[in-house]
Amino acid sequence: MDENIQILEKKINTFNKLYETSKLNNSVNDMELTECLYDILGWFEVCLKKITTLDKVEDEKISGIRFANNIKKHSTSLFRYTLQTFALFPSGSLFPSENLYPSDFNIFWNSLPLDNVKYKNQYNNYVKHFKDKDLYPTLNEIFAIIKKYY
């Protein structure tokens, strides 16, 4: 097996462990997650250079992930997260609101700006396949696509 795909697999495994640890601890280290995500996006690009054939949906997803990689140096954060909270029970002094209901631990792709119209297609693919979607399954899906054709 080519060493580039082995390095990418190692980066994906590191991300998966980091995600699971973050979920278990109900805590996210922004810097560590950013570093890990940037590494993966960079290695996606390295490995994608060897891939020429994709179906339409896979091609859209690769285009969208390329947008995330291209914008990473211009954008604030590629991700946002919610920590697990527990329900508060209504009382005489509390009014119903979203804050009273439990939430799950999730790390989502953020909304990213289109700062150059020449990347409009990539941007549209990012919005379609990644924006507001969970990082964990989407990164692993892109890795599976790359591994399938590598």
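Predicted model: local features only at pLDDT ≥ 70, side-chain atom pairs only at ≥ 80, totals over all residues.
Trainee: Which residues of helix 5 are buried, and which elements do they pack against?

Mentor: L135, T138, L139, N140, I142, F143, I145 and I146 are the buried ones. They pack against helix 1, helix 2, helix 3, helix 4, strand 1 and strand 2.

Trainee: What makes D134 a cap of helix 5?

Mentor: A side-chain oxygen of D134 is placed 3.2 Å from the backbone nitrogen of Y136, at the N-terminal end of the helix. The limit for a polar contact is 3.5 Å, so this pair falls within it.

Trainee: How far does helix 1 reach from its first C-alpha to its last, and what is expected?

Mentor: Helix 1, residues 3-25, reaches 33 Å over its 23 residues, close to the expected 33 Å. At its start, a side-chain oxygen of D2 comes to within 2.7 Å of the backbone nitrogen of N4. Just after its end, N26 has a positive phi of about 55 degrees.

Trainee: Which residues of helix 1 are buried, and what do they pack against?

Mentor: Buried residues of helix 1 include I5, L8, I12, F15 and Y19. The packing partners of its buried residues are helix 2 (30-48), strand 2 (106-109) and helix 5 (135-149). In general, an α-helix has 3.6 residues a turn, so residues three or four places apart point the same way.

Trainee: Why is F67 called buried?

Mentor: Buried means under 20% relative accessible area. F67 has 2%, and therefore counts as buried. F67 sits in helix 3, and among the residues that F67 touches beyond four places in sequence are L112, P113, Y119 and Y126. The C-alpha atoms of F67 and L112 are 9.2 Å apart, although 45 residues separate the two along the chain.

Trainee: How do you know whether helix 3 and helix 4 are roughly parallel or roughly perpendicular?

Mentor: Their axes come within 7 Å and cross at roughly 105 degrees. Angles of 65 to 115 degrees count as roughly perpendicular, and therefore the two helices are described in that way. Residues that meet across this crossing include G64, F67 and A68 in helix 3 and Q122, Y123 and Y126 in helix 4.

Trainee: Why does E45 count as buried?

Mentor: E45 has 18% relative accessibility, so it falls under the 20% limit. E45 belongs to helix 2. Its side chain makes a polar contact with the side chain of R66 at 3.2 Å. Apart from neighbours within four places in sequence, E45 is in contact with R66 and N69.

Trainee: Are C36 and C47 buried or exposed, and how many disulfides are counted?

Mentor: The relative accessible area is 8% for C36, which is therefore buried, and 0% for C47, which is therefore buried as well. A disulfide requires two cysteine sulfur atoms within 2.5 Å; by this rule the count is zero.

Trainee: What pattern does the protein follow along the sequence?

Mentor: The pattern is α-α-α-β-β-α-α, made up of five helices and two strands. Of the 150 residues, 37% are buried. Among contacts between residues at least 6 apart in sequence, 78% join residues at least 24 apart.

Technical notes
Residues numbered from 1 in each chain as written. Heavy atoms only, no water. Buried < 20%, exposed > 50% of the residue type's maximum accessible area, 1.4 Å probe, protein only. Helix = DSSP H or I, 4+ residues; strand = E, 2+ residues; numbered from the N terminus. Expected span 1.5 Å × (residues − 1). Contact = heavy atoms within 4.5 Å. Polar contact = N/O pair within 3.5 Å; in protein donor to acceptor, adjacent residues only side chain to side chain. Axes fitted to C-alpha atoms, helices over the stretch in contact; angles between N-to-C directions. Parallel < 35°, antiparallel > 145°, perpendicular 65-115°, else oblique.
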